[in-house]
2 protein chains.
Amino acid sequence: MSPIEDAGEFNLIRRLAAISSSSTRFPVITGIGDDAAVYQPKSGMVQVITTDALIEGYHFDFDFYRMDQIGYKAMAVNLSDIAAMNARPVLATMALGLPGSFSMEDLDALYDGLTSAASRYGVQIVGGDTTRSPVLMLSVTVIGEAGKHDLVHRNGAGPGDHICVTGNLGDAAAGLDLLRSHTKPETLGDKVWDVLTTRHLMPVPRLDLVQEWAKKGVRPSALIDISDGLTNEVHHICAASGCGAVLWESKLPVSPELFAGAPKSRTPVDYALNGGDDYELLFTAPCGVLTQMAPDSYTTIGVVTETDVLIHRTDGILEELKAEGHDHFRAE
Amino acid sequence: MSPIEDAGEFNLIRRLAAISSSSTRFPVITGIGDDAAVYQPKSGMVQVITTDALIEGYHFDFDFYRMDQIGYKAMAVNLSDIAAMNARPVLATMALGLPGSFSMEDLDALYDGLTSAASRYGVQIVGGDTTRSPVLMLSVTVIGEAGKHDLVHRNGAGPGDHICVTGNLGDAAAGLDLLRSHTKPETLGDKVWDVLTTRHLMPVPRLDLVQEWAKKGVRPSALIDISDGLTNEVHHICAASGCGAVLWESKLPVSPELFAGAPKSRTPVDYALNGGDDYELLFTAPCGVLTQMAPDSYTTIGVVTETDVLIHRTDGILEELKAEGHDHFRAE
């Protein structure tokens with residue numbers, strides 16, 4: 001093991017520069033190695049920018065995360081925010097806080113995860129700050145671009161629009177609970193364990209949908225990514241758009257793996273409604289737009305209304321849908 | 001005191017949005033409150049981007065930093081990187097890691113510092129992530145802009161160019177040593193204490209020089225900001241430009257306050273050469289350019305040569321100039 005304390009800051013920067021500079025290309029003019037990176041935005045496009053940090057002990061711990069998975073996830077959650085604007089990610093910077101006991105091997109694995117997520121989605125890493133920190137801390141900033149009229153905000157939902165989600169919900173939160181229990185229950189098949197835990201460890205930013213919608217020339221009326229649980233995100237869209245919603249519990253897309261593998265402390269429906277870290281997209285769209293989207297790319301779970309955020313339970317009860325997803329601050 | 005744990009994450013985001021949205025204007029189209037911020041780059045300009053993080057216990061501690069000074073400094077050090085490219089800062093995002101015991105009053109003070117540094121230099125804060133962290137952690141990203149041919153990199157120094165610095169060197173490091181000693185020595189005047197400690201606590205990004213050079217239509221051949229000590233930065237320029245340098249110890253700009261107030265453990269010259277956190281600019285320029293700059297805006301401290309980085313000591317000795325500034329990683 002080679003402790004990074006022996007390497008010195010400038011060697012760390014050089015290592016990062018070596019990883020990133022090989023791929024510097026338009027629109028990046030200057031990558032890592034100067035006081036700031038330089039890029040040339042595409043003429044006529046607007047730029048979108050987002051920053052998200054992952055902190056050891058709060059967003060991940062080393063009990064079950066591999067180092068490359070942490071790097072991958074720090075990039076992926078930011079890419080998901082770009083997808084949630086219906087934009088295309090272009091470049092990224094990062095600030096890493098590293099404990100002094102961190103090894104160069106750990107750092108290489110962390111960079112591998114960051115760069116593999118970046119390159120999978122065509123993103124260039126153009127700048128970085130490495131500094132000491134009591135725990136591992138990764139703050140990633142991603143810049144993307146879009147045509148101004150292709151952007152989709154949270155505030156465009158209108159009464160009558162359908163409410164839709166991509167993929168399945170709740171797997172990631174169930175995966176986290178499984179990982180926290182540390183041992184795979186004997187009754188649980190390998191595939192179920194893998195599907196649920198991978199959904200938590202390595203979320204997939206749904207940039208494939210952004211690409212598909214662009215190809216078909218369609219876009220949702222409102223769009224958000226599901227990072228803190230479906231209920232929170234539905235409330236965000238309703239608050240921003242000044243509207244209400246009715247969801248049907250029976251329509252929530254729940255994977256067979258979640259039914260088979262969810263810890264018994266919570267129901268699959270609770271995981272789907274309030275589990276965090278899915279990074280699927282929640283969007284609204286009128287029928288005429290929906291019919292142009294691939295039917296297998298989304299599930300309609302409700303409709304936009306004038307006021308009140310409600311849910312039809314499978315037992316027939318219609319009740320208020322409370323925002324009970326993840327809150328990074330409230331004491332647990 | 002109102003603990004942030006009682007506020008919840010979305011209230012924190014709302015508070016930040018309230019601070020920033022009042023000032024959203026071109027080129028910012030969407031500020032805080034969506035998945036990402038949106039801005040429209042000025043046509044024909046290139047964009048520069050930089051990220052720097054400050055971590056409690058490594059970059060600052062609460063023994064002598066006020067909360068607003070920490071916010072101010074986190075923004076200022078990033079603005080300095082934009083100045084070091086000869087660019088103009090435009091917008092910023094930040095990721096804040098906050099201990100659970102942090103109060104809303106602390107957070108307001110932190111925001112005050114961040115927004116006052118931002119607004120002083122015309123920068124809009126357009127996005128933020130607030131999350132839990134074992135210690136206070138601020139990662140700021142700033143985007144600036146410049147005409148492509150106005151940018152100044154580290155690699156443009158040529159033999160015969162003068163080597164110049166703005167302002168005085170070493171004050172900030174002496175100020176830090178004074179702050180660490182916790183008590184003002186009886187022999188030290190208030191003004192000396194204030195000048196030296198303020199240089200450490202609230203560094204001034206030299207964007208005034210960027211503005212002045214633009215007004216006169218001149219630019220240095222190479223440029224860097226002095227964050228980790230002059231010797232490190234001279235070596236960075238020489239390595240990037242493939243050249244050498246000779247400095248004159250007698251020419252180093254040292255303030256009367258540093259002579260009067262520097263702790264006796266280090267000489268004023270050592271502070272000037274190897275002290276960190278000055279955030280002055282180090283630049284190179286041929287004579288023809290220098291004569292167009294305001295003579296009181298810089299001090300010539302040496303010349304660019306073909307090879308070797310040397311210093312003429314005041315006792316007549318010519319010796320190698322070692323890079324002995326601050327390294328955030330090497331164990332102390």
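In what order do the 7 strands of the open sheet of chain A lie? The order is 8-10-7-11-9-12-13, with mixed pairing, where strands pair if DSSP finds at least two bridges between them, and where helices (H or I, at least four residues) and strands (E, at least two) are DSSP runs numbered from the N terminus. This is a predicted model, in which local features need pLDDT of at least 70 and side-chain atom pairs count only at pLDDT 80 or more, while totals for chains, interfaces and linings use all residues. Residues are numbered from 1 along each chain as its sequence is written, and chains are lettered from A and ligands numbered from 1 in the order in which they are written.

The edges of this sheet are formed by strand 8 (222–226) and strand 13 (318–320) of chain A, each of which pairs on one side only. On average, and with direction ignored, neighbouring strands are turned by 25° against each other; axes here are lines fitted to C-alpha atoms, for helices over the stretch in contact, and angles run from 0 to 180 degrees between N-to-C directions. Within the sheet, strand 9 (residues 244–248) and strand 11 (residues 299–305) of chain A run antiparallel and are joined by 4 bridges, with Leu247(A) standing opposite Gly302(A) of strand 11. Helix 7 (residues 230–241) of chain A packs on the sheet, where it touches strand 8, strand 9, strand 10 (280–285) and strand 12 (309–312), and its direction makes about 155° with that of strand 8.

The domain assignment, which is automatic or from a database, divides chain A into domain 1 (4–147) and domain 2 (162–320).

Between the chains, the contact takes 58 residues from chain A and 58 residues from chain B. Strand 3 (residues 45–55) of chain A gives the most to the chain A side, with 9 residues. Strand 2 (residues 37–39) of chain A runs antiparallel to strand 3 (residues 45–55) of chain B, the two being joined by 3 bridges, and Val38(A) stands opposite Val48(B) in that strand of chain B.

Definitions and conventions. Two residues are in contact if their C-beta atoms, placed from the backbone, lie within 7 Å.
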